[in-house]
Amino acid sequence: MNIRIALLSGDGIGPEIISQAVKVVEAIAGKFNHKIRYEKGLVGAIAIDKAGNPFPDETFELCKRSDAVLFGAIGDPKYDMDPKAFIRPEQGLLAMRKKLGLFANIRPVFTFPSLIEKSPLKPEIIDGVDFIVIRELTGGIYFGEPRGRSEDGNVAFDTCIYTREEIERILHLAFQYAKKRSGKLTVVDKANVLASSRLWRETAQKMGKEYPDVDLDFMFVDNAAMQIIQNPKRFDVMVTENMFGDILTDEASVICGSLGLLPSASIGKLTSVFEPIHGSYPQAAGKNIANPLGTILSASLMFNYAFKLKDEASLIYLAVEQSLKQGIVTEDIANDNPKTTSKVGDWIANYIESN
Ligand code: IPM
Ligand code: MN
């Protein structure tokens, strides 16, 4: 197959982890005879520095003409410490999601047997956890207008808005996932307080009738935050609005032992984007210590979702599993003798080539 991949490394550890994913993709391409063309694009703080825009038009064009986007991370502390910064790197990521129409962010949460001891949670609670969070990605408080400050600067406001159409679109996807998996769907909201959540709940209740084989349940987000830690095996497919999904998936990453491990797929109208759920980890940038597995597993999701190449996707997953088993891991999850970012990437690529 001929494949065009856009590489958007972004900021912080982005370039290092994307390089490892490329090694792995190359190993797969060699083994399965795919011809892959990579093109690099700017996004985030580096795009502000070089092009004055966190998501330049050129990058947008590149994404549109590609078959998939592999994305690293975004964010730079120089902007975090300046709440008045007018242009922020994160706007690049949000613009990319909005312009590509990526309304669904799929975040699988799972454990690897060899990492059970790495989680601060008890093994019996997390062993065998396997659920997915479907996070709505282009609506809610992240994008709602009006937003801003009063003239005197002493009042600030954001708006959480959802249309019925936006809710139906993401819920259809969630119902379909639930059908493919165990048939259980949990809608997470705050319908006891928020009007937008009440529209989510009303819409889901109505749609439930179209999906009689899906067992639908509802949970308030505060309760869901607790259940993810106390009883995560109760979940199979969870669907929720943008900000709740952002927060709950960082929380859920504790189950698998490191935020550095979890991949995600953002899908919607135009080209899909594959990215780890972690941020740009600026303290580690350039040190060759960051965990590349979230990005490598995102490449696995890319083969599965964007190219429908299941064997390729499974082999990447298997190689990651083997690297964990054999302790070829970075310092965030190493017991002793941590490996560098590039060493982990080399090992996984090599495993793929020789298996
Ligand atoms: C994520 C990130 C982003 C988000 C930030 C960097 C804007 O935390 O992908 O989860 O909040 O969506
Ligand atoms: Mn986040």
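Figure 1. Glu61 and Lys64 sit 3 residues apart, about one turn of the helix, in helix α3 (residues 57–65). Helices (H or I, at least four residues) and strands (E, at least two) are DSSP runs, numbered from the N terminus. The side chains of Glu61 and Lys64 form a salt bridge with an N to O distance of 3.4 Å. A salt bridge here is a side-chain nitrogen of Lys or Arg within 4 Å of a carboxyl oxygen of Asp or Glu. The structure holds 18 salt bridges. The model is predicted: local features need pLDDT of at least 70, side-chain atom pairs count only at pLDDT 80 or more, and totals for chains, interfaces and linings use all residues. Residues are numbered from 1 along each chain as its sequence is written, chains are lettered from A and ligands numbered from 1 in the order in which they are written, and side-chain values use heavy atoms, with hydrogens and water left out.

Figure 2. Domain 1 covers 1–101 + 267–355 and domain 2 covers 120–256, with bounds from an automatic or database domain assignment. Their centres, taken over C-alpha atoms, are 25 Å apart. Domain 1 brings 8 residues to the contact and domain 2 brings 11 residues, where contact means heavy atoms within 4.5 Å. About 810 Å² is buried between domain 1 and domain 2, and carbon and sulfur atoms give 63% of this area. Buried area is the accessible area (1.4 Å probe) that two parts lose on being put together, summed over both.

Figure 3. Arg97, Lys98 and Ile277 supply 55% of the area that domain 1 buries against domain 2, more than any other three residues.

**Figure 4. The surroundings of ligand 1.** Glu90, Leu93, Arg97, Arg107, Arg135, Tyr142 and Asp246 surround ligand 1, each with a heavy atom within 4 Å of it. A side-chain N or O atom of Arg97 is 2.7 Å from an oxygen atom of ligand 1. For a polar side-chain atom of Arg135 the distance to a ligand 1 oxygen atom is 2.8 Å, and for one of Arg107 it is 3.0 Å.

**Figure 5. Backbone details in two loops.** The peptide bond from Glu145 to Pro146 is cis, with omega near 0°. Pro146 lies in the loop between β5 (130–136) and β6 (148–149). Asn33, in the loop between α1 (14–32) and β2 (35–40), has a positive phi, near 65°.

Definitions and conventions: Polar contact = N/O pair within 3.5 Å; in protein donor to acceptor, adjacent residues only side chain to side chain.
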